Amino acid sequence: MHRDDDAEIIAAARVGFLDEAADMLQQFEQALLVMETDPADAENLNAAFRAAHTIKGTAGLFGCDAVVLFTHEVETLLEGLRSGALPVTDAISAALLEGLDQMAALLDEVRSGRSSPAVAERSQVLGARLRQLYGASAVAATPDAPAPAGATPAAPAAGAGAWHLSLRFGPDALRNGLDPLAFIRYLGNLGAVTGCAVVADDLPALADLDAEACHLGFELGLHSTAGQDEIERVFEFAADDCSLHILPPDADGDAFEQLLDLRCQGDGAATEALLALWAGIGVGMGQLSQDTSAPPAEADAAEDEGTTATATASAANPATAVAVAEPAAVPATDRRTGRDRRAPAEARFVKVRADKLDHLIDLIGELVIAGSGAQMVANQEGSALFLEATQRVSDLVQATRDGALALRMVPVGETFSRFQRVVRDTSKQLGKEIEFVVTGGDTELDKSMVELIADPLMHLVRNSLDHGIELPAERQAAGKPATGRLGINACHEGGSIVIEVSDDGRGLRRDRILAKAIERGLLPEGAAPSDAEVWQLIFAPGFSTADKVTDLSGRGVGMDVVKRNIEALRGQIALTSTEGQGTRTQIRLPLTLAMIDGFLTLVGGVHYVLPLGVVSECIAVPKECLAAPTRTCGTFDLRGEVLPYIDLALFYGVVPGAATEAEPQRRSLVVVRDGAVRVGLVVDRLLGEHQTVIKPLAGIFRHLKALAGSTILGSGDVALVLDMQGLMAAALQAQQPVRHAQTTPRFALSE
Amino acid sequence: MTETLTPIRGPALSLGSELTIAQAAQHRETLVDAVAAASGDLQLDLAAVSEFDSSGVQLLLSARRSLAERGHALQIVAASAAVRDALALFGLSTLLDTPATAAAAH
């Protein structure tokens, strides 16, 4: 293999390592935050330890010594917590969180390839602090002191029993950072290791030894009150590299015989050797029946089925199945469930490169287009069978499309969990007591969207933290509980996802906002807008950034940016607030950016697609519009309500279709709804529902107003996808000049 | 990573302060050479070992096996606390028992 190839492979693996490390850091952070609230959660401590351990292990493979050295300190401290030698204290969890940040900083250095002396120095300082924390509290208990054979701990409690553990480590165990020594040492925390025998039959002589591979197995006696679960958990994260067999204290001779067969595969010499080892650690021969060589049929069966198929092997021999299957099969299944519990995220997911997925979705987009082409041909041919066939195909294509889009869906909870740290840090910093409640974290959203909403959401969360929720004293004075509540909730609603950030803080001061708006000329003097309109003012560009001294609870700062970001995702944002009670911000987003269910229309020979979700109704063009055929925008009366309209033909400067001029009554008006705002769009013809794959417009079309992209129709024609937000904005703006000509009130944000 | 190995010809071979997976491959080389060169029992001085893991235990066991194939024994003439603890935990304290023939090795 060429050196270049090697370098390439290593570079690719390195990227994988950094990705994995980022995931691990997130899991680590999560576990640390849980630890703060529930220090007794042993499983959680294990998770934290595992995450740190994995980072250290892989960093070692890539020679990132700075990461390894520092993570080692973190891991040591965690090990102390995990073994119960150290209590979880505020100082420790704070130091661990700082350690986490430092690990992230070190990994960033690996990523960028630049290292700064400041970071290295911080490693030193923080490392020393972690060591000191470990040393300071570890005086009482000595986790490192093993309980060697014979050293009886405080008299075993009632119910303690003699467990037998049989371990065989896989060749990669050491390379994966799993040191059998550490496991056996750790077992000392569960009870007393009454005997240990090393099985080194497979250990080659020096000349043939791969010194980094593990060739060791162990037979252990453990005197402990722990249950099987607890013992298995010790080895949980070594499950891939270690074959573990546990015999409970009440295991009978048959169970031991079964274990002999499993480990020795009917090999007489090996059986003898293992029996000798057992004798050495006090597994009495009395526990074994006389016939130690076991029925040959059973041994053969075990061999055929492979080493771990204990239950199957015994089932093949019904004579012994009853006695043997129970004790032997239980650990096997338990271990499997144990593994599932261990890492739901690793075991059940396949990592796929995002570009491969994008390519697949592109292809399916083409398939949708080709499918509608076929359907059109079928329509023209008028063949019933052909039509039926294309209908079936198009149903399947639709299901495939939904399935492919679902592949990109990830739970939003991951994004939410990163706020937890912000909430923790900010509340400590500001002296506030805040309970952070996440609901609906399982709600799924397109991966690309998840990344894009993280920032706007962070902004909302920060606003609530900084300006919404009051200090404990202030809250109590207002008759509210001292602990504030910041909630974030996600749910699906129709084809959208709705994410809500709410707090029970001081809320917005309506009068202040109104005064400010009037002062800035956003509203005329003496205007009496509805609440919804007032809250919308918050999103006006630069609304409160201009005047920082205002104590408008800072809500407006940067809200226009948030709104812009959300709208760029074809989403909507709305805010409600009650002074003194709190604020609730609601974001509504489409589930994906790649495809929409569209509504196809024709204007002057050009196809336009509207998102189906915004279409509220279609009516014949009202007489107000017909009365002013040259006016691009105007207002019309919809069952007593005045709504603005846009004539798309005039708006886009296309000549309305000839047929339209001949029979103007065939034109239609589509009423679209965007949040609380409704607008009418005058089009030439309605063509109905259409699966739309959105393709971005090339740069030269960027100046075009109110277009979100393009799509290709089954006929091969290009259709333009309308950008509702842009169109609405244009409609509302264009309405201003006609203000004087009309007498009707037309405040844009009417209900 | 580059712990210098000093194969002392004479009384006892020392393997430096770390006997872990990081140096396992290097130590193996050293031991292979030492076993090949040894005319009798091989003496190891592990007094300086502060870091010791299962790969170290494995090396010692493997060396013992290689020596046994040649009719020789492995003698650990000195061992640090780290080595003693680990071997005790593994039930391998007998490795530390210097065979009676130690004096006769040379």
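Modeller: A residue is buried if 20 or more other C-beta atoms lie within 10 Å of its own. In this predicted model, 39% of the 106 residues of chain B count as buried.

Colleague: What makes up the secondary structure of chain B?

Modeller: Chain B has three helices and five strands. Read from the N terminus, their order is β-β-α-β-β-α-β-α. Among the contacts in chain B with a separation of 6 or more, 73% are between residues 24 or more positions apart.

Colleague: Why is α1(B) called roughly parallel to α2(B)?

Modeller: Helix α1 (residues 21-37) of chain B packs on helix α2 (residues 54-69) of chain B at an angle of about 15°, and their axes are 10 Å apart. Angles under 35 degrees count as roughly parallel, so α1(B) is roughly parallel to α2(B). The crossing of α1(B) past α2(B) is right-handed.

Colleague: Which residues of α1(B) and α2(B) meet?

Modeller: From α1(B) come Ile21(B), Ala24(B), His27(B), Arg28(B), Leu31(B) and Val35(B); from α2(B) come Ser55(B), Leu59(B), Ala63(B), Ser66(B) and Leu67(B). The contact of α1(B) with α2(B) has seven nonpolar, three polar and one charged residues.

Colleague: Why is α14(A) called roughly antiparallel to α15(A)?

Modeller: Helix α14 (residues 354-381) and helix α15 (residues 384-407), both of chain A, pack at an angle of about 165°, with their axes 9 Å apart. Angles over 145 count as roughly antiparallel, and therefore α14(A) is roughly antiparallel to α15(A). Their crossing is left-handed. Residues making the contact include Leu357(A), Ile364(A), Val368(A) and Gly371(A) of α14(A), and Phe386(A), Val397(A), Arg401(A) and Leu405(A) of α15(A). By class, the contact of α14(A) with α15(A) divides into 15 nonpolar, five polar and two charged residues.

Colleague: How do you know whether Arg401(A) is buried or exposed?

Modeller: Arg401(A) has 20 other C-beta atoms within 10 Å. A residue with 20 or more is buried, so Arg401(A) is buried.

Colleague: Where does Arg401(A) lie, and what does Arg401(A) touch?

Modeller: Arg401(A) lies in helix α15 of chain A. Setting aside residues up to four places away in sequence, Arg401(A) touches Ile364(A), Val368(A) and Met595(A).

Colleague: How many residues of chain A and chain B are in contact with each other?

Modeller: 26 residues of chain A are in contact with 26 residues of chain B. On the side of chain A that touches chain B, the elements giving two or more residues are α6 (180-187) and β2 (191-199) of chain A. By class, that side of chain A has 21 nonpolar, two polar and three charged residues.

Colleague: Which residues touch the most other members of the largest nonpolar core?

Modeller: The largest nonpolar core has 74 residues, and those touching the most other members are Ile184(A), Cys196(A), Phe218(A), Leu220(A), Leu42(B), Ala63(B) and Ala86(B). Leaving out neighbours within four places in sequence, Ala86(B) is in contact with Leu181(A), Phe52(B) and Val57(B). Another core, of 39 residues, lies apart from the largest one, and among its residues are Val397(A), Tyr645(A), Ala719(A) and Met728(A).

Methods
Residues numbered from 1 in each chain as written. Chains lettered and ligands numbered in written order. Predicted model: local features only at pLDDT ≥ 70, side-chain atom pairs only at ≥ 80, totals over all residues. Axes fitted to C-alpha atoms, helices over the stretch in contact; angles between N-to-C directions. Helix = DSSP H or I, 4+ residues; strand = E, 2+ residues; numbered from the N terminus. Parallel < 35°, antiparallel > 145°, perpendicular 65-115°, else oblique. Left-handed = near helix turned anticlockwise from the far one by under 90°. Contact = placed C-beta atoms within 7 Å. Nonpolar A, V, L, I, M, F, W, Y, C, P; charged D, E, K, R; others polar. Core = buried A, V, L, I, M, F, W, Y, C linked by C-beta atoms within 7 Å. Buried ≥ 20, exposed ≤ 12 C-beta atoms within 10 Å, placed from the backbone.
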